[in-house]
Amino acid sequence: VIQLLCLYCFSSIEVLRRPRTMSAVVNSFAGKWTEESCENFDEFMKALNVNFVLRKVGNNTKANEEWVIDGDTVTLKLTSTFKNKTLVFTLGTEIDEETLDGRKVKTTFTEEDGKLVHSQVGQPHNCRYTRELQGDKMVVTMTVLAPTEVTAVRKFKRV
């Protein structure tokens, strides 16, 4: 009985040590992406009280994203000619994030209906970024969840 119990314990530990794999939805974003177009971004930034100078820069900067998946850990590198940042996360786990416009928010990534949802909770308003593949494009729908929702859409192509 003791031998069986020990065997069970060791096999359970081995299962816990095995790297978990990420879902097919998240894996589909792996690689490098560059922005092709952006719609309504100035209004999106205005709804977040981003100042005029940062809005001007944001509207004239192309975004790039690089997705690296390692087991259940995702590294998202956001780069541009203006600012860069890296987010490291696992699905469903809240992390601290400082946005490119300087807001400090609580962020969680989840999967919903075959899409990857990046939720930010903070001031002045909460935001939601929904990423999905449409053909060979990644479409990011960015929504400020204010009393009146404001949405912008960025489209990326794989590099």
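## Basis

The model is predicted: local features need pLDDT of at least 70, side-chain atom pairs count only at pLDDT 80 or more, and totals for chains, interfaces and linings use all residues. Residues are numbered from 1 along each chain as its sequence is written, and side-chain values use heavy atoms, with hydrogens and water left out.

## The sheet

Helices (H or I, at least four residues) and strands (E, at least two) are DSSP runs, numbered from the N terminus. Two strands pair if DSSP finds at least two bridges between them.

Strand 2 and strand 3 run antiparallel and share seven bridges. Glu-65 stands opposite Leu-78 in strand 3. Two residues lie between the strands of this hairpin, where Gly-71 takes a positive phi near 65 degrees.

Strand 3 also forms a hairpin with strand 4, with five residues between them. Five bridges join this antiparallel pair. Leu-76 has Leu-87 of strand 4 as its bridge partner.

## The nonpolar core

A nonpolar core is a set of buried Ala, Val, Leu, Ile, Met, Phe, Trp, Tyr and Cys residues joined through side-chain atoms within 4.5 Å. Buried means under 20% relative accessible area, exposed over 50%, partly exposed in between (1.4 Å probe, protein chains only). The largest core has 31 residues. Phe-44, Trp-67, Leu-76, Phe-89, Met-138, Met-142 and Val-144 touch the most other members. Elements giving two or more residues include helix 2 (24-27), helix 3 (41-47), strand 3 (73-79) and strand 9 (137-145).

Contact means heavy atoms within 4.5 Å. Beyond its neighbours within four places in sequence, Trp-67 is in contact with residues including Phe-29, Trp-33, Leu-76, Phe-89, Arg-131 and Met-138.

## The cavity

A cavity is a set of points, on a 1 Å grid over the protein atoms alone, where a 1.4 Å probe fits but cannot get out; lining residues have an atom within 4 Å of a point. Grid points are joined across faces, edges and corners, and a volume is the space filled by probe spheres set on the points. The structure holds one cavity of 30 Å³ or more. The largest cavity contains about 570 Å³. Of its 31 lining residues, Phe-41, Leu-100, Asp-101, Tyr-129 and Arg-154 are the closest to the centre.

Helix 3 gives the most to this lining, with three residues. Other elements supplying at least two include helix 4 (52-59), strand 2 (64-70) and strand 7 (115-121).

## Helix 4

Arg-55 belongs to helix 4. Arg-55 is buried because its relative accessible area is 13%. Apart from neighbours within four places in sequence, Arg-55 is in contact with Asp-42, Met-45, Lys-46 and Val-50.

Asn-59 is also in helix 4. At 37% relative accessibility, Asn-59 is partly exposed. Its contacts beyond four places in sequence are Phe-41, Asp-42 and Met-45. Asn-59 and Phe-41 lie 18 residues apart in sequence, yet 6.8 Å apart in space, C-alpha to C-alpha.

Conventions. 1 Å grid on protein atoms, 1.4 Å probe; cavity = no way out; pocket = protein on both sides within 12 Å on 5 of 7 lines; lining within 4 Å.
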